[in-house]
Structure formats: C-alpha cells, structure tokens
Amino acid sequence: QLQASGGGLVQTGGSLRLSCAASGGTHFMGWFRQAPGKEREFAATISRGGGTAYYADFVKGRFTISRDTAKNTVYLQMNNLKPEDTAVYYCAAGARFSNAYDSPRGYDSWGQGTLVTVSS
C-alpha cells in the first residue's frame with residue numbers, strides 16, 4: 001500500500017516535496033503525473049537501495065527523487081516549479097525493475113495521488 005502526500009498550491013518558481021510511504025516489502029518506486037485531459041506520464045524512478053535514479057527530460061535539473069530505506073519512503077523534491085507542472089502526482093511501486101520503468105505498466109501498485117497546482 002502506498003500513501004502519497006505533500007501536494008499543494010505554489011507559485012511559479014516555488015518548491016514542494018512529495019512523500020510516498022510504502023508498506024510491505026521494498027520495491028523500486030517512481031513518480032508519475034497526470035494533468036487534466038492528458039495521459040499519465042513518467043517523472044522519476046529510484047532503485048530499491050536508492051543508488052540509481054532515472055528522470056524524464058522535462059524534470060531534469062529541477063526534480064530530485066530520493067528514498068529513506070529505513071522508513072520505506074520515497075520523496076520527490078520539486079524546485080523551480082512551472083504552471084505546466086500542475087497535475088495529480090502519483091507514486092508507484094514495482095517488484096521487478098525493467099525497461100518499462102518509464103511506463104505505468106512497469107509498476108504493480110499505485111498510491112492515491114496528490115494534487116500539485118502551480119500558479120502563474
């Protein structure tokens with residue numbers, strides 16, 4: 001089970017940190033987002049141990065994914081936010097890392113989503 005939190009309203013250029021607490025075993029975990037009328041898109045993912053991370057091109061240099069393995073919690077630090085970052089952000093966990101890490105089909109379970117709104 002995944003519990004996401006940390007969304008909110010922020011101005012352009014601001015920052016937010018999303019959290020996703022996972023119960024059960026350790027998995028590789030990722031963040032996706034879905035804006036109104038658009039498909040869910042990959043943002044970032046991190047390995048079980050936290051040593052490897054991958055990012056979508058549109059978040060590189062602005063977002064950082066990290067995890068606290070002791071707490072089984074993954075974070076997404078989002079800086080320099082833009083209005084186009086407005087979306088519901090979902091955390092996801094996968095039991096087996098694959099080349100589909102940037103696709104929803106690469107994950108087995110999903111959190112409930114947390115809304116991020118960036119005002120211009």
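**Asp85 and the strands around it**

Biologist: Where does Asp85 lie, relative to strands S8 and S9?

Modeller: This is a predicted model, in which local features need pLDDT of at least 70 and side-chain atom pairs count only at pLDDT 80 or more, while totals for chains, interfaces and linings use all residues. Residues are numbered from 1 along each chain as its sequence is written, and side-chain values use heavy atoms, with hydrogens and water left out. Strands here are DSSP runs of E with at least two residues, helices are runs of H or I with at least four, and both are numbered from the N terminus. With S9 spanning 87-94, Asp85 lies in the loop between S8 and S9.

Biologist: Is Asp85 buried or exposed?

Modeller: Buried means under 20% relative accessible area and exposed over 50%, with partly exposed in between (1.4 Å probe, protein chains only). The relative accessible area of Asp85 is 1%, so Asp85 is buried.

Biologist: Which side chain makes a polar contact with the side chain of Asp85?

Modeller: Start with the surroundings: leaving aside neighbours within four places in sequence, Asp85 is in contact (heavy atoms within 4.5 Å) with Arg33, Arg62, Phe63, Asn80, Val116 and Val118. A polar contact is a pair of N or O atoms within 3.5 Å; within protein, one must be able to donate a hydrogen and the other to accept it, and residues adjacent in sequence count only if both atoms are side-chain atoms. At 2.7 Å, the side-chain partner of Asp85 is Arg62.

Biologist: Which strands pair with S8?

Modeller: Strands count as paired if DSSP finds at least two bridges between them. Strand S3 (residues 16-22) pairs with S8 in the antiparallel sense over six bridges, with Ser19 opposite Tyr75 in S8. Strand S7 (residues 63-68) also pairs with S8 in the antiparallel sense, over six bridges, and there Ile65 has Leu76 as its bridge partner. The strands you asked for are S3 and S7.

Biologist: Why is S8 described as largely enclosed by the rest of the structure?

Modeller: Strand S8 covers residues 73-78. It is largely enclosed because the buried residues number five of the six.

Biologist: Which residue in the turn between S7 and S8 has a positive phi?

Modeller: S7 and S8 form a hairpin, with four residues between them. In that turn, a positive phi of about 50 degrees belongs to Asn72.

Biologist: Which cysteines form the disulfide, and what is its handedness?

Modeller: The structure holds one disulfide, a pair of cysteine sulfur atoms within 2.5 Å. Cys20 and Cys91 form this disulfide, with sulfur atoms 2.1 Å apart. Cys20 is in S3 and Cys91 is in S9, so the pair ties together parts that are 71 residues apart in sequence. The torsion about the S-S bond of Cys20 and Cys91 is about 60 degrees, so the disulfide is right-handed.
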